[in-house]
Amino acid sequence: MQVPAHFEYERATSVDHALALLAKWGSEARVVAGGHSLIPMMKLRLARPEALVDINDLGELAYVRLDGDVLAIGAMTRHADLLASPLVGEHYPIFHDAEKVIADPVVRNRGTVGGSLCQADPSEDLSAAFAAVDASVVVRGPGGTRTVPVREFHTGPYETVVGPGELLTEIAVPIRPGGGSAYEKVERRVGDWAVAAAGAAVWLDGDTIADAGIGLTAVGADHFHAPEAEEFLRGSPATEASLVEAGRIAAEHCEPVADQRGPVDYKRHLAGELTTRALRRAMARGRLNPGLGAER
Amino acid sequence: MQITVNVNGDEHTADVEPRLLLVHFLRDSLGLTGTHWGCDTSNCGVCVVWLDGTPVKSCTVLAVMADGRTVRTVEGLAAGAALDPVQEGFVRCHGLQCGFCTPGMMMTARWLLDRNPDPSEEEIREAISGQSCRCTGYENIVRAIQWAAREGVSTS
């Protein structure tokens with residue numbers, strides 16, 4: 001039987017209450033949302049917080065909405081709700097691509113978007129998707145609210161800029177017309193963590209790639225991000241050759257490690273191939289619906 | 001700490017350790033052993049119950065997280081002596097052999113049919129894709145759920 005070590009349980013009734021509880025317990029507290037990463041880690045004693053602050057009552061953080069030209073996703077949004085959101089599919093189908101391959105439907109009923117980001121597992125899918133679309137996260141703490149680009153959010157495996165006493169409250173994705181986005185993943189079996197995965201967003205200006213965003217999962221890319229390949233694409237012709245070259249550059253700059261999911265050369269191959277595939281699909285979506293880049 | 005959980009319509013108050021998992025609260029504290037306890041890692045899905053109306057894997061939910069909420073287990077599927085159509089479907093279509101995965105499968109199936117009364121085979125397979133069956137090859141489970149969709153009128 002797997003049972004966590006002893007801890008104290010606190011249930012927050014509002015964001016302010018959660019912050020007060022986190023201040024009370026300091027660095028020994030962990031926030032629990034869906035708990036589908038944290039509770040397994042506690043069972044294995046890889047995490048031994050003295051206190052859990054449960055934020056499942058914070059309905060105020062469960063939303064997907066348009067705030068002007070920003071797609072705002074509350075931290076307590078469940079994976080299932082992100083997957084079911086027509087607004088998300090309309091503007092950024094990359095998130096529906098990613099959600100379809102995160103765990104399984106019952107786990108997605110419970111796990112949250114904010115929890116996934118804060119867990120910061122190197123194989124977690126949404127981090128690369130958010131990196132690809134250049135999202136920012138909103139973090140609240142005792143000193144107020146700060147906004148951090150996702151591309152600066154992760155400080156290492158299982159580590160983020162969210163400090164003790166702070167709470168991630170929202171992910172803000174800028175809406176930019178004329179683009180398309182997609183996510184491609186290879187997993188050993190349905191619902192597993194990625195062997196490797198890539199997310200891409202592309203904005204076209206006629207036959208030229210005006211801008212591109214690329215995120216990489218599980219291949220040791222800093223901040224789940226592939227800036228060198230993005231830089232190559234900006235101003236490049238919107239051709240298959242450009243996408244293949246971008247994949248090659250992304251593969252060259254990532255640092256996968258060998259594990260039970262595969263050797264380094266295989267993962268590097270996947271990083272390149274999946275980058276090209278994600279770019280291809282993102283570009284096709286952008287061309288089909290230049291206004292929005294909707295799901296296809 | 002003291003928690004009160006509404007399970008299958010009945011309020012249960014108990015003093016529990018925060019680290020007690022919901023699956024063990026249901027099985028050991030309340031004696032509701034219809035919910036099975038399997039992999040302990042949120043993979044196999046035998047422990048699926050409804051929490052506030054949504055299927056969750058109860059090996060990865062703390063009992064204290066269910067405080068003040070409602071839980072529905074397989075014991076709450078039938079209305080008295082009348083089996084839920086999903087249960088009837090599992091009987092008629094031989095949807096089980098050893099029965100270990102069955103309670104979780106049926107809880108997810110009921111939820112699916114409540115939201116989507118006429119699911120395609122693909123939708124059924126997707127819905128139960130987080131739950132393992134080592135006996136049936138899933139064929140008869142899918143048939144059982146199709147039977148319930150076709151013939152059944154839910155009592156819930």
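The structure is a predicted model.

## The sheet in chain A

Three strands of chain A form an open sheet. Their order is β1-β3-β2, and the pairing is parallel. The edge strands are β1 (8-11) and β2 (29-32) of chain A. Each of these edge strands pairs on one side only. From one strand to the next, the twist averages 25 degrees.

Look next at β2(A) and its partner. That partner is strand β3 of chain A, residues 51-54. The two strands pair in the parallel sense over four bridges. Within this part of the chain, Val32(A) stands opposite Asp54(A), which belongs to β3(A).

## The helix on the sheet

Which strands does helix α1 of chain A touch? This helix, residues 15-25, packs on the sheet and touches β1, β2 and β3 of chain A. The direction of helix α1 of chain A makes about 175 degrees with that of β3(A).

## Two domains in chain B

Now turn to chain B. The domain assignment gives domain 1 (2-75) and domain 2 (85-151). The C-alpha centres of these two domains of chain B lie 21 Å apart.

## Where the domains meet

How many residues of domain 1 of chain B are in contact with domain 2 of chain B? There are 12, and they meet 11 residues of domain 2. On the domain 1 side, strand β3 (residues 48-51) of chain B gives the largest share, three residues. By class, this side of domain 1 of chain B has eight nonpolar and four polar residues. It has no charged residues.

Terms used: Residues numbered from 1 in each chain as written. Chains lettered and ligands numbered in written order. Predicted model: local features only at pLDDT ≥ 70, side-chain atom pairs only at ≥ 80, totals over all residues. Domains from an automatic or database assignment. Contact = placed C-beta atoms within 7 Å. Nonpolar A, V, L, I, M, F, W, Y, C, P; charged D, E, K, R; others polar. Pairing = 2+ DSSP bridges. Axes fitted to C-alpha atoms, helices over the stretch in contact; angles between N-to-C directions.
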